[in-house]
Amino acid sequence: MRQTVRAPAARTGWRNAVSSLENPQFRWLFASNTVFFFAMQGQMIIRSIIAFDLTQSALALGFINFAVAIPMMLVSPFGGVIADRVERRQLIIAGQAAVVVSELTILSLLVTDKLEFWHLVTAATLMGCVFPFIMPARAAIVVDIIGKSKLQNAMALNMGAMNATRILGPAVAGFLVPAAGLAGAFGIGTALYSVALVCLFGVQRSPPPPKTEEASVLDDLVEGVRYMGHNRLVLVLMLFGIIPMFLAMPFQTLLVVFTEDVWNVGAEGLGALYAFSGIGGLIGSAYLAQRNESLGRLRLMVASLLAFSSFLLLFALSPYFALALPLVLMANICASIFGTLNNTAIQLLIPDRVRGRISSFMMMSFGITPLGTLPMAAIAEEFGAPVAVGLAALAVLTVTLIFTSTSSALRNVDVRTQEVLEAERRAELGETPEAVRAAT
């Protein structure tokens with residue numbers, strides 16, 4: 001007769017929201033992540049100001065972003081392979097050390113008045129090459145440190161911190177530039193990158209999963225692709241996460257069109273929209289951090305995506321700026337909830353041996369998402385931004401209904417993730433692997 005294992009009573013509210021931070025290893029990793037992304041958000045603003053000062057060309061800013069995006073797309077699959085082959089903490093340390101060296105080089109050129117635009121492009125290209133190694137290793141090491149039972153909480157905390165830095169980083173950088181000058185502000189950002197690097201030494205080593213046989217990098221890459229092809233639920237979850245965001249999230253690039261042509265509120269209005277977007281993402285992450293992991297995942301994923309498309313449609317139709325602010329706030333709350341739940345489900349389901357590779361494929365999706373900017377911008381050019389964003393919202397609504405009504409694998413996500421969490425709980429209670437497999 002199978003014995004039922006009772007999980008410890010779930011905590012709720014604030015204590016549950018920060019429960020992952022009780023793990024000292026995760027605290028160091030969380031501190032490193034937060035400081036790193038805070039520095040990155042601030043440096044993006046400062047780097048843009050420097051690039052414009054050097055060139056007096058808005059096109060130069062596009063080149064900087066292009067220099068980051070292209071290598072990120074090309075290198076990402078190999079970054080995941082390496083994350084599954086080497087010690088993960090050391091990989092993150094090496095990547096962040098390369099960023100520090102790059103920023104110190106730019107700082108020295110800036111201070112000595114020898115900085116040229118091509119230096120900035122080279123540094124941006126290096127960042128685009130380093131990120132595909134850092135991010136899959138980060139995703140894998142979170143699971144190694146925190147385990148699967150607290151994974152949703154840990155990912156929500158990380159997402160919340162990233163949303164907070166998205167608001168605070170540019171704001172602080174905007175204050176520092178006039179107060180400390182470009183070189184001083186850039187130097188502070190470089191120092192913060194160094195702090196993020198030092199924090200990693202408080203995290204324990206995270207060796208890769210053992211391999212039964214030697215394989216080439218290409219073989220490992222093919223294995224990752226084959227795994228996704230053979231695991232329908234993981235593939236469906238990835239598509240379910242990518243397609244709606246491809247269709248709708250580029251609406252943020254059109255916010256400037258709304259502020260200038262629809263509501264006539266100028267730069268101050270644009271800043272307010274971006275601030276409300278970031279705050280919405282932070283609220284969504286905070287909600288998930290305190291939420292019980294075992295509650296219905298699919299229902300909330302679908303509800304948040306339907307709500308996102310509805311709020312986005314209302315935003316597109318809003319004739320008033322004051323009404324648009326709470327609507328963009330709510331849309332970003334829902335987008336944050338959906339994205340975190342979707343990513344957590346994937347991380348729960350995949351085995352550690354391919355975690356880096358699948359994480360790198362997920363990272364590639366972030367590079368694919370901006371491609372949706374072009375068709376949305378083309379529609380906006382022809383019919384106006386409200387029509388473009390409204391159509392995108394309706395497309396997300398349609399895709400959501402199609403996925404949930406046609407995919408039996410997706411409808412099984414609650415059962416599959418609960419099996420994984422049950423196995424994790426049994427393993428934590430000391431049951432043998434054979435007993436865990438028999439129970440699940």
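## Second largest cavity

By class, the lining of the second largest cavity holds 5 nonpolar, 1 polar and 1 charged residues. Nonpolar covers Ala, Val, Leu, Ile, Met, Phe, Trp, Tyr, Cys and Pro; charged covers Asp, Glu, Lys and Arg; the others, Gly among them, are polar. The model is predicted: local features need pLDDT of at least 70, side-chain atom pairs count only at pLDDT 80 or more, and totals for chains, interfaces and linings use all residues. Residues are numbered from 1 along each chain as its sequence is written, and side-chain values use heavy atoms, without hydrogens and water.

The lining consists of A98, V99, S102, E103, A123, L126 and M127. The largest share, 4 residues, comes from α4. The volume is about 40 Å³.

A cavity is a set of points on a 1 Å grid over the protein atoms alone where a 1.4 Å probe fits but cannot get out; lining residues have an atom within 4 Å of a point. Points are joined across faces, edges and corners, and the volume is the space filled by probe spheres set on them.

## Largest cavity

The count is 2 cavities of 30 Å³ or more. The largest has a volume of about 80 Å³. Its lining has 13 residues; F38, G42, L176, G189 and L192 are the closest to the centre.

The lining of the largest cavity divides into 9 nonpolar, 4 polar and no charged residues. Helix α6 (151–199) and helix α2 (24–55) each supply at least two. The largest share, 8 residues, is from α6.

Notes:
1 Å grid on protein atoms, 1.4 Å probe; cavity = no way out; pocket = protein on both sides within 12 Å on 5 of 7 lines; lining within 4 Å.
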